[in-house]
Amino acid sequence: MGIRLFQSQTSMFCEKVRVVFAMKKVPYEIIDVRKDERKSLVEYTGQRKVPSMDYNGQCVIDSTVISALLDEKHSGPSIYPEGPANQGLCSALEDWSDEVLIHANHAMRRAETPEARKNAEKEWAGHFNTLDQMYSGKKFIFDRMTIADISIFSQLHYLYTTVKYDIPANYKNVHAFMENMRQTLKLNSLEDSFEAQSI
Ligand SMILES: N[C@@H](CCC(=O)N[C@@H](CS)C(=O)NCC(=O)O)C(=O)O
């Protein structure tokens, strides 16, 4: 028994759960699915998506479900804000980030013509505006770092490191948020959840 995370280093959803593992200080074994072309992942879970987790024999799939289970079973700072109203909003924002920002990331990464690139930049500009408003005067969306911030950070970090697109400088609140997340994650000794050079 033990905890195994089937993951890929570059997946933003895997990064999201690696931050949660680190916040909760939960030890786990990493199974890099690229090493055997997802054979052991498919054998264990019957599907191809990462992150997937073997939690002491229980098969858990999807970053949102994995994060919720880790939060429920382990002490350490909660990844959710206080109170049902904020918790509902937090889950909605986590979902928005996972389902909507991922689309913008895919559009940017797959843009092969100048027109596709222009459309992807336009899509991101709309989201940067929203995020810049969301983080106006705030370090985090709620009164501490939650899974909503972590999900958003994971998508923006992927945009910067893997898609290699720099967030335009005029989105000052988005830049401040990213810088604050990087600092906070480092201060909390989360370096082991990231490639040092990608922070
Ligand atoms: N909603 C899922 C999305 C997971 C996902 O899309 N994973 C991608 C990597 S970023 C994947 O494994 N894709 C492989 C495939 O679909 O075959 C989550 O939050 O975990």
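Good morning. A crossing of two helices is called left-handed if the near helix is turned anticlockwise from the far one by less than a right angle, and right-handed if clockwise. With that in mind, I turn to the structure, which is a predicted model.

In this model, α1 passes α6 in a right-handed crossing. Two packed helices are described by the angle between their axes and the distance between the axes. Here the axes of α1 and α6, the latter spanning residues 147-161, come within 9 Å and cross at roughly 135°. The two helices are therefore oblique to each other.

Which residues meet in this pair? From α1 they are M12, E15, K16, V19 and V20, and from α6 they are I150, S151, S154, Q155, H157 and Y158. This contact comprises 5 nonpolar, 4 polar and 2 charged residues.

Let me move to the domains. Domain 1 covers 3-78 and domain 2 covers 84-187. Over C-alpha atoms, their centres are separated by 22 Å. Domain 1 brings 9 residues to the contact, and domain 2 brings 11. On the side of domain 1 that touches domain 2, α1 (12-24) and α3 (63-73) are the elements that give two or more residues. Of these, α1 gives the most, with 5 residues. That side of domain 1 divides into 3 nonpolar, 4 polar and 2 charged residues.

Finally, the ligand. Around the ligand lie S11, F13, R48, K49, V50, P51, D62, S63, T64 and D98. Thank you.

Notes: Residues are numbered from 1 along each chain as its sequence is written. This is a predicted model: local features need pLDDT of at least 70, side-chain atom pairs count only at pLDDT 80 or more; totals for chains, interfaces and linings use all residues. A residue is near a molecule or strand if its C-beta atom, placed from the backbone, lies within 6 Å of it. Domain bounds come from an automatic or database domain assignment. Two residues are in contact if their C-beta atoms, placed from the backbone, lie within 7 Å. Helices (H or I, at least four residues) and strands (E, at least two) are DSSP runs, numbered from the N terminus. Ala, Val, Leu, Ile, Met, Phe, Trp, Tyr, Cys and Pro count as nonpolar, Asp, Glu, Lys and Arg as charged, and the others, Gly among them, as polar. Axes are lines fitted to C-alpha atoms, for helices over the stretch in contact, and angles run from 0 to 180 degrees between N-to-C directions. Angles under 35 degrees count as roughly parallel, over 145 as roughly antiparallel, 65 to 115 as roughly perpendicular and the rest as oblique.
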